[in-house]
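Open the structure in your viewer and follow along. Each stop tells you what to select and what is there.

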Amino acid sequence: MTSGLILSDVTLLHNDGDGTVRALDGVSLEVAAGEVVALVGPSGSGKSSLLAVAGALTTPTSGTVLVGGSELSSATPRERSRIRRERIGFVFQSGNLVPALTSLDQVRLPLTFGRVANPRDPVALLTDVGMDHKARRRPHQLSGGERQRVGIARALVTRPEILLVDEPTAALDRRRSQEIVALLAEEAHEHGVATVLVTHDHDVLHHCDRVLEIVDGRLGAFTPSTR
Ligand SMILES: Nc1ncnc2c1ncn2[C@@H]1O[C@H](COP(=O)(O)OP(=O)(O)OP(=O)(O)O)[C@@H](O)[C@H]1O
Ligand SMILES: [Mg+2]
C-alpha cells in the first residue's frame with residue numbers, strides 16, 4: 001500500500017458569480033510518511049484550497065488524491081468521511097477548540113465519533129505536547145500557544161496518516177511559533193505522519209523538510225530570493 005499523500009494533476013474551479021476562479025491549477029504533490037512539507041504563497045493563491053482537497057473536505061474538479069493508498073474521488077461519501085475522521089488530522093489557525101471542554105476532553109473528542117482502530121492514549125499525548133499539567137483547563141484558561149498544543153494533540157489522537165495544518169502560528173509570537181512548528185515536525189517525524197503546513201511565517205521554514213510555493217493555483221519550488 002502506498003503511504004502518505006499523493007495529489008496528481010489536481011484542478012479546482014470555483015464559480016463565484018462573475019466567472020470561474022481556478023483555485024488549483026494542475027497541482028501534483030507527493031508527501032511521504034513522516035515528511036513535513038511547508039506551503040507558502042500569497043493570499044488567495046490556493047493554499048487552503050489545497051488542504052481542503054487533500055483533506056477530503058472538497059472534491060477537486062479534476063485530478064486524483066490518494067490518502068495512504070485510498071483514492072478519494074472513487075470513495076463513497078461515507079468512506080470519505082471515515083477517511084477524514086480516522087486517517088486525516090487537521091490543525092487550524094486558532095486551534096478551533098470547543099469552548100466548554102477541558103484539554104483532555106478535546107483530545108478524546110475524535111475518539112467519540114466512532115471506533116478508531118489504534119488510537120494514541122490521550123493523556124500520554126497531552127504529555128507529549130507539554131500540556132498534561134493543564135489537562136483540566138478549558139480553552140479560555142489557556143494561552144494561544146497552549147491552545148495550539150491541545151489542537152495538535154487532538155489532530156494526532158487517531159494516529160492519522162496525514163496531517164494538514166493551516167497557519168498554526170498566525171496568532172503567536174516568534175518564540176511560540178518556533179515551538180509549535182518544532183513540535184509538529186517532531187510528531188510528524190516520530191510517528192510517520194505526512195504533513196502539509198501552510199504558513200506565511202518564513203522564520204519557521206527551517207523546521208520543515210521541504211518548502212513549496214503556490215502562486216495562482218500553481219505549485220512550484222520556493223525561491224526565497226523572489227521575495
Ligand atoms: N467557495 C469559494 N467560492 C469562490 N471562490 C473561492 C472559494 N474558496 C476560495 N475561493 C477562491 O479561490 C482562490 C484560492 O483561495 P484559498 O482560500 O485557497 O487561498 P489561500 O492561499 O489560502 O489564501 P490566504 O493566504 O488568504 O488564506 C481565491 O481566489 C479565492 O477567492
Ligand atoms: Mg488560506
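At what angle do helix H5 and helix H6 pack? This is a predicted model. Select residues 144-156 for H5 and residues 174-191 for H6. The angle is about 15 degrees, and the axes are 10 Å apart. Angles under 35 degrees count as roughly parallel, so H5 and H6 are roughly parallel to each other. Their crossing is right-handed.

Now show the side chains of this contact. On H5, pick Gly-145, Gln-148, Arg-149, Ile-152 and Leu-156. On H6, pick Arg-176, Glu-179, Ile-180, Leu-183, Leu-184 and Glu-187. Colour them by class: 5 are nonpolar, 2 polar and 4 charged.

Next, go to ligand 1. Select the residues around ligand 1: His-14, Asp-16, Val-21, Ala-23, Gly-41, Ser-43, Gly-44, Ser-45, Gly-46, Lys-47, Ser-48 and Ser-49. Which elements give two or more residues to this shell? They are strand E2 (20-31) and helix H1 (47-54). H1 gives the most, with 3 residues. By class, the shell has 2 nonpolar, 8 polar and 2 charged residues.

Stay with E2 and turn to the sheet. Here 4 strands form an open sheet in the order E2-E1-E4-E5, with antiparallel pairing. Find the edges: E2 and strand E5 (70-71) each pair on one side only.

Last stop: select strand E4, residues 62-67. E4 pairs with E5 in the antiparallel sense, over 2 bridges. Zoom in on Val-67, which stands opposite Ser-70 in E5.

Note on methods
Residues are numbered from 1 along each chain as its sequence is written. Chains are lettered from A and ligands numbered from 1 in the order in which they are written. This is a predicted model: local features need pLDDT of at least 70, side-chain atom pairs count only at pLDDT 80 or more; totals for chains, interfaces and linings use all residues. A residue is near a molecule or strand if its C-beta atom, placed from the backbone, lies within 6 Å of it. Ala, Val, Leu, Ile, Met, Phe, Trp, Tyr, Cys and Pro count as nonpolar, Asp, Glu, Lys and Arg as charged, and the others, Gly among them, as polar. Axes are lines fitted to C-alpha atoms, for helices over the stretch in contact, and angles run from 0 to 180 degrees between N-to-C directions. Angles under 35 degrees count as roughly parallel, over 145 as roughly antiparallel, 65 to 115 as roughly perpendicular and the rest as oblique. A crossing is left-handed if the near helix is turned anticlockwise from the far one by less than a right angle, and right-handed if clockwise. Two residues are in contact if their C-beta atoms, placed from the backbone, lie within 7 Å. Two strands pair if DSSP finds at least two bridges between them.
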